[in-house]
Amino acid sequence: MVWIVQNKSGICGQLLKLGDTSGEGNGNGDSLDEIFILGSVGIHGYNYPDDVKKIQDALNRVAQAQGGAHPKLKPDGLCGDKTKQAIQKFQLMHFGWSGADGLVEVARQTLARLNEILGTRKIQIPNVNLVEANTIQLALSMINAARSNILMAMPMVDKKPSPGGGLTVFSRESLMRLLNKHFSIDDSHNPIQAFAHVKGIFNLMWQVFQRPGGLWGVHTFERDPLALDFRAYAAGGGYFKSVKHTLEKGVKMRLDSIFLCKRFFEESAPFKQAFIIVHECAHFVDLQGSIKDFAYNRESGGAKIRGLPPFLKQHNANCFSNFAYEARTGQEPWFIT
């Protein structure tokens, strides 16, 4: 188990365990854990095998009178005609023809109804007050600004830079400015692949805030129960470890959560807290473990982070925070972290 921690100085590190880790639990209690999928399942869905299995199993557990699968589906992870028909049958009973599109989507009504019928346990809502919720919303606005910037630049990525530069806000140079400033996309060995990587990370960050029942992602963010002297921490790639747990110092903790520590709440600037959240999200959604902390803003007056080669910029957590912050505010981060 690897936890990514951000200590009080802003530097992240990796700890194999925070305390005495005795392994992951299955999360089973008096009721089943919430059904959570990474992508859509059904007609024209992503149909990731693990997601398909979860939906097949869920439809098998729903009573026939409530639209459950009959005959039972084989939970093989293959979304064939029988599975698609079972999804549509369930939707037809609960939402009518207008809602029977044969697709179970993340954080939408079909998945919510399955969880409701099966009595699955919702993710516990932590002690998140209005101030914290507003900060989380601010972090989401930074991520959305980053995604909008990326979307605007997308048609320009495979075009060659103009030798003389651009004069308008719609020029390639203007649209690619922030991406090149923070990720050096044009200097990459494969600019299209580099762009796709950055785009994919921000899309996953956005999905963190779209989980079932999660208002502004508050179900993902919890207060640190261990009173550690960090600002925030999360399990590396924890986004992909839905409903799994580990024991840390005798405390059962979810691996799919980002924990906010006392030092986080001592930060007075809301944008600085949001900056930390975006930084930690970059680690949280990194399945491959390739996003590290190669440089920080405060090192050598910012010269180190600006001097990183393209590949390291594209895999440096602070570069994602810097890009999102500038896309949102139009300014470079004024704080040192």
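Good morning, colleagues. I begin with the second largest pocket, which has a volume of about 410 Å³ in this predicted model. Its lining comprises 14 residues, and those closest to the pocket centre are Leu-38, Gly-39, Tyr-46, Val-106 and Gln-207.

Five strands form an open sheet with mixed pairing, in the order S2-S1-S7-S10-S6. Which strands stand at the edges? They are S2, residues 12–15, and S6, residues 221–223; each has a single partner strand, so one side of each is left without a neighbour in the sheet. From one strand to the next, the twist averages 25°.

Let us take the two ends of this order in turn. At one end, S1 and S2 pair in the antiparallel sense over four bridges. Within this pairing, Gln-6 has Cys-12 of S2 as its bridge partner. The two strands form a hairpin with four residues between them, and Gly-10, in the turn, has a positive phi of about 100°.

At the other end, S6 pairs with S10, residues 258–260, in the parallel sense over three bridges. Here Arg-223 stands opposite Leu-260 of S10.

Finally, which helix lies across these strands? Helix H9, residues 270–284, lies across S1, S2, S6, S7 and S10. Its direction is at about 25° to S7, the strand of residues 230–235.

Thank you for your attention.

Methods. Residues numbered from 1 in each chain as written. Predicted model: local features only at pLDDT ≥ 70, side-chain atom pairs only at ≥ 80, totals over all residues. Heavy atoms only, no water. Pairing = 2+ DSSP bridges. Axes fitted to C-alpha atoms, helices over the stretch in contact; angles between N-to-C directions. Contact = heavy atoms within 4.5 Å. 1 Å grid on protein atoms, 1.4 Å probe; cavity = no way out; pocket = protein on both sides within 12 Å on 5 of 7 lines; lining within 4 Å. Points joined across faces, edges and corners; volume = space filled by probe spheres on them.
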